Amino acid sequence: MAKRSSVFQWVILFVLSLSLSLVMLRFHIPAAMLLGPMVVAVTMSLCGATVRIDNRFFISSQAIIGCMIAQNLSSSILVSLAANWPIVLFILLATLFASGLSGWLLVRFSHLPGTTGAWGSSPGGAAAMVAMSEDYGADVRLVAFMQYLRVLFVAGSAALVVRISMGGNAQEIVQELVWFPPLSWDFAATLALAGIAGWLGRRLRFPSGTMLFPMLIGAGLHAGDVLTIQLPEWLLAMAYAFIGWSVGLRFNRAVFLLALRTLPQIVISILGLMSLCALMALALTKVLDMDFLTAYLATSPGGLDTVAIIAAGSGVDMSFVMAMQTLRLFSILMTGPAMAKFISRHAQRRSDPLA
């Protein structure tokens with residue numbers, strides 16, 4: 001009887017996740033293939049679902065995400081960074097300081113656990129932050145809630161800025177997805193990279209090595225034209241879905257109520273970070289010969305993949321946008337653990353209601 005109930009839950013989880021993701025894709029909502037499964041999983045968990053995702057699928061999905069990040073890197077990014085290093089460094093440090101301050105204030109003036117506030121307010125790739133946060137003691141459910149709420153805010157504002165910047169000629173930005181492209185030996189090599197590098201990172205017990213090792217090794221191979229990383233959309237959708245399900249099925253009523261209680265503080269922190277980034281974008285247009293749309297997308301605190309989707313076809317300097325977003329992602333990945341530890345120790349937070 002219990003087995004039959006589990007099969008029924010899996011069928012419902014899959015069908016509803018696929019349906020909601022397709023609806024989100026229809027309305028061009030970023031990260032739809034992750035948000036859909038996560039929303040459905042949260043709902044089912046709150047309604048009493050008992051199924052859980054095997055940790056091996058979650059770990060494998062981390063490795064795929066690492067390869068996805070590496071796929072966005074190229075040698076032109078380094079050239080763009082070197083040409084504008086003073087302003088790039090200033091914006092990077094200002095964003096890191098703002099995210100750290102936001103996390104500290106969230107912990108200080110809300111019920112959020114220490115490391116959770118730090119990781120949830122980190123303006124890196126949302127999927128990467130969710131994947132890494134659990135290794136450092138954060139509540140991955142609340143981190144996901146904070147990260148993807150910011151993704152929605154940033155995506156909406158970025159789409160609005162694109163429409164205003166392009167004026168009367170603005171068109172809907174649509175990314176044509178090819179779900180089942182022809183596969184080559186590069187696909188097999190990419191899977192080997194994810195498997196071997198992910199296993200190595202886990203074997204060496206390196207923090208979040210399952211994602212970081214494929215990302216770093218893949219970035220070197222990809223930028224050096226040694227390997228062309230090939231990740232078909234169906235594989236990325238599976239990785240996003242497993243992470244969404246893994247996170248969503250861990251939600252319970254206590255976590256959900258805590259998220260609702262801290263929603264005003266979370267929204268204020270998101271709007272504050274977005275406002276700071278918009279001011280830095282305006283300053284960029286004054287210092288460099290750059291249009292506001294390029295500057296805004298380059299400094300926008302959304303995920304690297306989300307910004308790339310929005311920037312596609314909008315006529316911006318993609319090299320500079322990806323350079324800024326990638327450098328910030330790497331910086332957050334490297335400084336995030338130390339920042340989370342500092343906030344946990346020094347922010348005078350209240351007692352954790354989940355403890």
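I took helices (H or I, at least four residues) and strands (E, at least two) as DSSP runs, numbered from the N terminus. The model is predicted, so I note that local features need pLDDT of at least 70, side-chain atom pairs count only at pLDDT 80 or more, and totals for chains, interfaces and linings use all residues. Residues are numbered from 1 along each chain as its sequence is written, and side-chain values use heavy atoms, with hydrogens and water left out.

Entry on Gln 9. I located Gln 9 in helix H1, which spans residues 2-26. Gln 9 is buried at 11% relative accessible area (buried is under 20%, exposed over 50%, partly exposed in between, with a 1.4 Å probe and protein chains only). Leaving out residues up to four places away in sequence, I found Gln 9 touching Met 44, Ala 49, Thr 50 and Val 51 (contact: heavy atoms within 4.5 Å). With Thr 50, the side chain of Gln 9 reaches the backbone nitrogen at 2.9 Å.

Entry on charged pairs. How many salt bridges does a search of the whole structure find? I recorded one, taking a salt bridge as a side-chain nitrogen of Lys or Arg within 4 Å of a carboxyl oxygen of Asp or Glu. Asp 54 pairs with Arg 56, their closest N and O atoms lying 3.0 Å apart. Asp 54 is partly exposed at 33%, whereas Arg 56 is exposed at 61%.

Entry on cysteines. I found zero disulfides, a disulfide being a pair of cysteine sulfur atoms within 2.5 Å. Cys 47 is exposed, with 66% relative accessible area; Cys 277 is buried, with 2%.

Key
A polar contact is a pair of N or O atoms within 3.5 Å; within protein, one must be able to donate a hydrogen and the other to accept it, and residues adjacent in sequence count only if both atoms are side-chain atoms.
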